Amino acid sequence: MGVDAARARPAARPLRAAGGGGLLRGLVTTYLSLLVLIPLAAVVWRASSDGAASFWRAATTPQALAALRLTFFISLAVVAVNVVAGTLIAWVLVRDEFPGKRLVNSLIDLPFALPTIVAGVTLLALYGPRSPLGLNLAYTRAGVLLALAFETLPFVVRAVQPVLLTIEPDAEEAARSLGARPLTTFRRILLPAMTPAILAGAALAFARAIGEFGSVVLLSGNIPYRTEVAAVHVFTLVQSDDPGGAAAVSVVLLVLSLLVLAALNLIQRRRTRHAE
Amino acid sequence: MLSKLTLRTVALGYLAMVLVLPVGAIVWRTFSNGLAPVWQAVTTPDALHAFWLTILITAIVVPLNTVFGVACGVVLARQHFPGKRLLDSVINLPFAVSPVVVGLALVLVYGQTGRLGSWLAERGVQIIFALPGMVLATLFISLPYVVREVTPVLREVGVEQEEAARTLGATRLSAFLRVTLPAIRWGVTYGVVLTTARALGEFGAVAIVSGRLAGQTETLTLFVENHFESFDQAGAYGAALALAALALLTLLTMTGLRRREGH
């Protein structure tokens, strides 16, 4: 997206084409406010309406804290898995040649297309109680990790792939012919160029992971203090008619994802500047 | 020594374990007792209603978000105003907000306990535990896709041709519809495909606002969860497989479109 911004033409003079009017901007902003901003503001309002102390109490009940802590650390772990696996997959898809590569490349987007609850059912079919592999991850933290790894798989791959495509293999070959070992070549030539893309993919994966619900809800068993993630905890609170508590935990989740998105914005702005 | 072959094996092995084998397993599990029980389970009145409801919600949401997406793309690509960056970030919010939080937000605004919700309820309008709430939730969740696909394409196309059409006497709207829209059609289509996939598959937000009454407010994803929890394997796997087939169709369309864009 950033690259496209750099390529954008200068603003048209007296804007005669569609898009000149403030009317359109007003309509767009209204739609967005009604649909997104007002409901989200209601969550913040509900969480803070009884004062800061009450918010703090609701957001830090032992069960909420356990859920938030689990969500945070397991999302970090998933991001780590993604950074390694995603970069590797991207590299293989760009630099390697093998039959069926095109098919594999389209499969990467499957987690985006597959409904989350179907992902949960799917993973349970292989890693559930009657696993044909004899590997039962149901109701464990490893199961949660697996579900999140499934859901976030495409982010790093899709962020790194286009960057790798722009790096000529020549540079790598030159380094190797000068005697650099493969790992050194990777670290000195590829990694610096890929780092912003990896970070961008990682940020998106993290934001997705901390809010994930559908794929986790069946696989985790939702055992409080053990496998209950924050989104599932919010769901439980809503179902048990505690919207105040649900709003408090939601605000913590919201703040976390906003921080991550702000960081992503910074990364992308720096990337655009590089592109220029 | 990390040879190319080792790296390839590790990468493909990871994909197989996380992605391919589970999908294979569910196909195998679904049909392990033959086709008949699955067919029976996905053609019960509740299942058919779930199919219908999912399609209905998608049919309402996709056109709305497509029109909004193109309009918003025009604003982002062609206008310059203070707060543009803020608008840009707000559009990304649905990517960052948990579906469960979206559901909660709608319950707080439109639920019986909220001021607006009780005002509406007095006038006989029910949003939560009814179709309007489910539509609102799905609109929220699938909002950014068309905008994200259309904005860069609009920037690239520019406004010169549209202005030329204007000087030849076309109205603003018809110049846009007849000159620019055809030029950005693949971007719009790509966005529509993504929006459709997201709308068909939404679960968390809809789970909260629907009340999940079988045969009334149960979408296909809720049907899958409900029947999985009540050990109706044929029903859950059958419906899940139907959704997975739609996802594969989405994927094929995406791949096809990307190739076309490449031309």
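**Figure 1. The two domains of chain A, with centres 29 Å apart over their C-alpha atoms.** In this predicted model, chain A is split into domain 1, spanning 19–49, and domain 2, spanning 52–275. Where these two parts of chain A meet, domain 1 supplies five residues to the contact and domain 2 supplies seven residues. Look at the domain 1 side of chain A and you will find three nonpolar residues, one polar residue and one charged residue touching domain 2 of chain A.

**Figure 2. The contact between chain A and chain B.** Here we move to the meeting place of the two chains, with 75 residues from chain A and 80 residues from chain B taking part. Which element gives the largest share of the chain B side? That would be helix 1 of chain B (residues 4–30), with 17 residues. Sorted by class, the side of chain B that touches chain A holds 58 nonpolar residues, alongside 11 polar and 11 charged ones.

**Figure 3. Chain B, a chain of 14 helices and zero strands.** Follow chain B from its N terminus and the elements read α-α-α-α-α-α-α-α-α-α-α-α-α-α. Taken along the principal axes, the C-alpha atoms of chain B fill a box of roughly 70 × 65 × 35 Å.

**Figure 4. Burial and contacts within chain B.** Chain B has 263 residues, and 52% of them count as buried. How much of the contact set with a separation of 6 or more in chain B comes from residues 24 or more positions apart? Such pairs account for 75% of those contacts in chain B.

Conventions:
Residues are numbered from 1 along each chain as its sequence is written. Chains are lettered from A and ligands numbered from 1 in the order in which they are written. This is a predicted model: local features need pLDDT of at least 70, side-chain atom pairs count only at pLDDT 80 or more; totals for chains, interfaces and linings use all residues. Helices (H or I, at least four residues) and strands (E, at least two) are DSSP runs, numbered from the N terminus. Ala, Val, Leu, Ile, Met, Phe, Trp, Tyr, Cys and Pro count as nonpolar, Asp, Glu, Lys and Arg as charged, and the others, Gly among them, as polar. Domain bounds come from an automatic or database domain assignment. A residue is buried if 20 or more other C-beta atoms lie within 10 Å of its own, exposed if 12 or fewer, and partly exposed in between; C-beta atoms are placed from the backbone.
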